[in-house]
Amino acid sequence: MTLDRRDFLKWMAATGGAAAVAGCAGTDAGPGAAKVVVIGGGFGGATAAKYVKLWAPDIDVTLVERNSEFVSCPISNLVLAGNTALSNITMGYDALRQRGVRIVRDDAVSVDPAARQVRLAGGSTLAYDRLILSPGVDFIYDQIPGLQGADAQSRVLHAWKAGAQTAALRKQLEAMRDGGVYVLHIPTAPYRCPPGPYERVCQVADYLKRAKPKSKIIVLDSNPDITSKAGLFRAAWKSMYPGLIDYRPNSELADVDVKGMTVKLTFDSVKGDVLNVVPPHRAGDIAHKTGLITANQRWCGVDWLTMESVAVKGVHVLADATLSAPAMPKSASMANQHAKVCAAAVIALLKGQPVNQQPMMMNTCYSFVDGRNVMHVASVHAYDPAQKTMAVVKGSGGLSTQASELEGTYAWGWARNMWAEALG
Ligand SMILES: Cc1cc2nc3c(=O)[nH]c(=O)nc-3n(C[C@H](O)[C@H](O)[C@H](O)COP(=O)(O)OP(=O)(O)OC[C@H]3O[C@@H](n4cnc5c(N)ncnc54)[C@H](O)[C@@H]3O)c2cc1C
């Protein structure tokens with residue numbers, strides 16, 4: 001069957017095909033178009049910006065991001081071991097630009113929810129009909145007196161935002177003597193990526209076993225036990241890195257003595273050659289300035305049907321910055337799912353259409369135990385109208401029985417897919 005011009009135009013009008021074609025070509029939404037501004041071009045924000053534009057090309061979408069490039073936290077632990085390079089996890093925003101998303105490289109310094117405007121460090125303002133915030137986390141240094149200054153923070157790294165600190169921590173590990181001690185301090189949950197610190201232990205162990213076999217790892221965990229895949233991590237440490245890892249739970253941080261290279265705990269002090277302290281987190285600063293924090297001075301409560309803030313109308317919050325629903329991790333997988341629920345809801349709200357009342361979200365977190373072998377944990381979360389939150393679907397999800405190379409290929413596939421979802 002051939003399609004004549006009239007049929008083609010009918011099809012375009014019925015399916016939104018015309019708009020989709022315009023969107024692919026990066027055509028401007030035009031004057032009078034509804035405006036969505038997104039702050040933060042990480043996993044949550046970039047994915048939300050992409051999907052609003054993809055599903056509603058007639059909406060004007062602007063993404064504000066302070067960095068020129070995106071560096072992925074997932075896979076970044078592998079850089080520490082030399083199992084991959086930082087360049088393999090660094091990407092640009094060109095593909096999003098080509099999709100018609102306007103990329104503004106700037107810092108969003110304040111939001112005026114009454115005037116529906118975002119002010120940028122560069123001096124300009126952006127007007128919005130709906131604002132989406134996915135600023136990730138910032139660190140709480142207030143209770144770590146020894147880590148107050150920029151100099152101290154440049155010597156005792158977190159490497160919990162991938163990029164310059166990841167490269168710097170790799171350099172510190174390379175410079176460490178054989179027989180040296182690497183000390184990792186893990187904050188009390190919730191923090192971003194529950195299995196992330198334990199994957200980091202595996203990666204550093206993989207490197208030290210190969211390059212500096214007389215060295216040791218001391219893991220000081222504020223939590224009472226490994227917070228994710230505990231049995232699997234314990235088994236991997238025992239079989240792959242015997243005698244290398246000293247895991248100490250309930251190790252609450254009191255301070256850090258940078259000069260003396262010592263982590264001070266409530267009842268103990270631990271000296272090291274490389275200190276890697278991950279401070280407690282809270283939602284990114286712009287969420288605080290906007291009045292979005294509703295829990296423990298740290299996190300933003302949201303309506304899970306729309307991801308709209310429960311504190312400020314017209315502002316939606318995604319991913320790590322949210323007050324997580326029960327058993328919901330702060331992860332890139334979740335950021336992706338928050339972003340899609342939010343994009344669909346924002347479009348519906350702007351067009352006066354009904355919002356989906358039954359959102360579902362899925363999470364898979366892969367952890368590399370060396371350069372190739374990987375294990376996963378997965379869960380499915382559905383909206384519970386009675387509790388007005390996302391609840392884990394009974395019997396859903398799962399856990400690897402052990403790490404394997406096959407899951408290593410899945411993990412790289414997952415990462416490439418998440419990057420394409422956000423930036424492709
Ligand atoms: C070591 C490590 C390993 C991890 N591994 C995994 C994994 O294997 N699987 C997984 O699912 N998750 C993993 N995660 C977690 C994952 O990286 C986060 O959950 C995810 O990045 C959250 O997305 P987000 O959008 O909230 O924040 P981000 O991805 O951090 O994005 C926030 C963005 O906002 C920008 N920004 C903030 N404020 C402003 C402002 N005022 N103006 C302009 N721009 C601003 C920032 O520059 C940043 O680009 C890992 C995390 C770490 C640290």
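**Exercise 1.** How many disulfides does the count come to in this predicted model?

*Solution.* Start from the cut-off: the two cysteine sulfur atoms of a disulfide lie within 2.5 Å. Next, take cysteine 193, where the nearest cysteine sulfur, that of cysteine 365, is 5.1 Å away, and cysteine 193 is in no disulfide. Then take cysteine 300: the nearest cysteine sulfur belongs to cysteine 342 and is 13 Å away, and cysteine 300 is in no disulfide. By this rule the count comes to zero disulfides.

**Exercise 2.** Classify cysteine 193 and cysteine 300 by relative accessibility.

*Solution.* Buried means under 20% relative accessible area, exposed means over 50%, and partly exposed lies in between. Cysteine 193 has 29% relative accessibility, so cysteine 193 counts as partly exposed. Cysteine 300 has a relative accessible area of 0%, so cysteine 300 is buried.

**Exercise 3.** Which residues of helix 7 are buried, and what covers them?

*Solution.* First, list the buried residues of helix 7: Gln165, Thr166, Leu169, Arg170 and Leu173. They cover an arc of only 140° around the axis, so they are on the same side of helix 7. The general rule is that an α-helix has 3.6 residues a turn, so residues three or four places apart point the same way. On the other side of helix 7, Ala164, Lys171 and Ala175 are exposed. Last, the cover over the buried residues of helix 7 includes helix 4 (76–80), helix 6 (150–155), strand 11 (181–186), helix 8 (196–211) and strand 17 (274–277).

Terms used. Residues are numbered from 1 along each chain as its sequence is written. This is a predicted model: local features need pLDDT of at least 70, side-chain atom pairs count only at pLDDT 80 or more; totals for chains, interfaces and linings use all residues. Side-chain values use heavy atoms; hydrogens and water are left out. Buried means under 20% relative accessible area, exposed over 50%, partly exposed in between (1.4 Å probe, protein chains only). Helices (H or I, at least four residues) and strands (E, at least two) are DSSP runs, numbered from the N terminus. The arc is that of the directions from the helix axis to the C-beta atoms. Contact means heavy atoms within 4.5 Å.
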